[in-house]
Amino acid sequence: MSRIALAVVTVVLLAAIPGYLSDYSLGLMIGLVTYVTLASAWALFSGHTRYVSLATVAFYGSGAYTVAVLNESLPYPLVLLCAGLIGFLLALIVGLSTLRLAGIYFVIFSFGLAELIRQLITWYEVNVTGTLGRYIFLDVTARGIYWQMLALAVFTIGLSAWIGRHRLGLALKVIGDDEMVAAHSGIDLSRTKLIAFTLSSTIITLAGAIASPRWTYVEPSLVFNPTVSFLTVIMALLGGANRLWGPLMGAVPLFLLFEWLSVSFPDTYPVILGLMFIAVVFLFPQGLLSSAEAFRNRLKGGTA
Amino acid sequence: MTMLHVTRARKSFGGLVAVNDVSFDVAGGEILGLLGPNGSGKTTLLNLISGALAPTAGRFVLNGQDMTGQRADIIARQGIARTFQLVRILPSLTLLENVMVPAAFGPARLWGEAVVSVAREALEQVGLSDRLSATAGDLTYLDQKRLELARALAARPRLLLLDEWLAGLNPTELRDGIALIQSLSTTGITIIMVEHIMEAVRALCPRCLVMNSGTLIADGPTQAVLSDRHVIAAYLGEVEHA
């Protein structure tokens with residue numbers, strides 16, 4: 001009970017802070033909450049199943065691009081709905097065709113997917129519509145974006161918590177451990193993976209749609225930037241991708257760190273980013289939360 | 001009453017025929033031994049029954065329902081559970097979670113308190129009930145085997161497939177293992193067990209099948225089968241003009 005109360009109070013506080021922030025800080029908060037959402041949504045599928053997806057930006061970018069195409073012809077809520085629907089259908093098609101792939105093949109495919117979508121859109125815009133580059137003019141304020149993204153983050157973590165207590169959560173864990181055992185226990189592998197992948201991808205697409213008005217100018221090479229996929233993975237891994245609060249615990253410090261690095265060392269930033277990726281994988285292969293737990297157990301063991 | 005009806009089951013891998021037109025019936029409540037030298041196709045036959053492999057030809061009927069070529073998860077939900085030759089536990093899950101899995105997704109599809117109580121019961125049956133929240137990956141080899149059996153039992157299967165479940169145990173553990181399977185047989189469960197340990201086969205299985213290079217070479221009461229000339233030849237080699 002007290003945990004739920006704490007969560008509610010935190011969300012209320014987070015929802016109330018835009019009034020006390022400068023424009024710069026509010027922008028920072030939007031970025032922060034966006035990455036918390038992305039990392040949590042990524043972990044919803046990849047955390048337990050251990051299917052490492054680098055397709056985050058394929059969906060995130062599709063969401064943003066949908067808004068760029070539709071923002072002048074449809075009311076905003078409908079635009080969001082369309083983005084969600086497109087993410088859902090895309091995830092369904094991709095899921096049905098790829099979730100049989102195991103391990104490294106899935107990683108490569110998911111990475112290629114973002115590139116494929118980017119090239120397809122570029123080709124279409126150049127050859128059919130003749131406009132490469134679109135503007136987003138919406139009267140959504142920065143506060144509005146922040147609140148929407150906060151709501152999506154709360155929804156994502158809530159959904160993960162719910163899944164964790166239900167059949168689907170157990171099924172995903174079993175799939176991550178041993179697919180052969182999962183199938184022989186009566187778990188429908190394709191269906192389970194497809195449900196989780198579709199949920200995760202739809203949320204990521206919505207996040208892209210919600211964040212898109214911040215860009216104003218959108219073109220495929222901007223919204224399909226692979227760094228987004230890598231950042232998401234590394235954040236979730238740092239915190240612990242198979243834990244409810246892991247992605248959040250990884251996203252907050254890493255986002256702030258990357259923000260500071262990109263401002264302070266704009267030239268060497270990509271190099272530092274690469275080194276950080278390596279460091280996270282080497283130092284915290286199980287995630288910060290697990291390492292902290294192991295450390296606490298060792299302390300307890302030492303004093304007992 | 002016939003529980004499982006296998007007709008001309010065949011599995012070939014390229015030019016190699018691992019299971020060659022094998023037919024047999026298993027009656028409900030029967031404990032059937034499946035014997036044969038290494039590489040004779042026993043595990044492949046179990047894999048065909050459990051759906052791990054799709055047969056090249058043949059028919060598999062469980063309780064009147066045709067399940068030929070079905071996916072493993074559908075077959076599991078029809079009431080077939082198994083253990084694996086190389087023990088397969090879910091290392092990152094707790095013992096309780098391991099055993100909850102088939103109870104939650106198998107034929108009964110239980111959830112909530114029901115699934116926990118079935119899982120506890122199964123762990124109790126194999127003597128692991130004092131370590132419900134331990135992580136499965138930390139168990140010793142014997143305990144992993146027990147856990148795997150508990151997991152198969154928690155499915156409340158009609159047909160249990162044991163693939164050398166008794167292999168690698170020391171004499172005391174073997175005695176416990178045999179007693180455990182014997183105690184299962186009183187519950188009316190049907191078991192097909194691949195086994196190399198003759199002591200266990202004699203104690204547990206009234207009837208045996210023997211395979212050699214993919215073909216069924218004997219089917220009958222254990223004592224008779226074990227003294228069959230073809231069976232002895234399969235294990236020891238042909239006696240030529242001695």
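Residues are numbered from 1 along each chain as its sequence is written, and chains are lettered from A, with ligands numbered from 1, in the order in which they are written. In this predicted model, local features need pLDDT of at least 70 and side-chain atom pairs count only at pLDDT 80 or more, whereas totals for chains, interfaces and linings use all residues.

Chain B comprises domain 1 (1–79 + 158–242) and domain 2 (89–155), with bounds from an automatic or database domain assignment. The C-alpha centres of domain 1 and domain 2 of chain B are 25 Å apart. Ten residues of domain 1 of chain B are in contact with nine residues of domain 2 of chain B, contact being defined by C-beta atoms, placed from the backbone, that lie within 7 Å. On the domain 1 side, helix H2 (72–77) and helix H6 (171–185) of chain B each supply at least two residues; helices (H or I, at least four residues) and strands (E, at least two) are DSSP runs, numbered from the N terminus. This side consists of five nonpolar, three polar and two charged residues, where Ala, Val, Leu, Ile, Met, Phe, Trp, Tyr, Cys and Pro count as nonpolar, Asp, Glu, Lys and Arg as charged, and the others, Gly among them, as polar.

Between the chains, 22 residues of chain B are in contact with 16 residues of chain A. H2 and helix H3 (95–105) of chain B each supply at least two residues of the chain B side, and H3(B) gives the largest share, six residues. The chain B side divides into 13 nonpolar, three polar and six charged residues.

In chain A, helix H3 (residues 56–70) and helix H9 (residues 189–211) pack at an angle of about 45 degrees with their axes 7 Å apart. Axes are lines fitted to C-alpha atoms, for helices over the stretch in contact, and angles run from 0 to 180 degrees between N-to-C directions. The contact of H3(A) with H9(A) involves nine nonpolar, eight polar and no charged residues.

Chain B also contains an open sheet of six strands in the order S6-S7-S8-S3-S9-S10, with mixed pairing; two strands pair if DSSP finds at least two bridges between them. The edge strands are S6 (80–82) and S10 (215–221) of chain B. Strand S9 (residues 207–212) of chain B runs antiparallel to S10(B), joined by six bridges, and B:Met211 has B:Leu216 of S10(B) as its bridge partner. Helix H9 (residues 229–236) of chain B lies across S9 and S10 of chain B, at about 130 degrees to S10(B).

Key
Contact = placed C-beta atoms within 7 Å.
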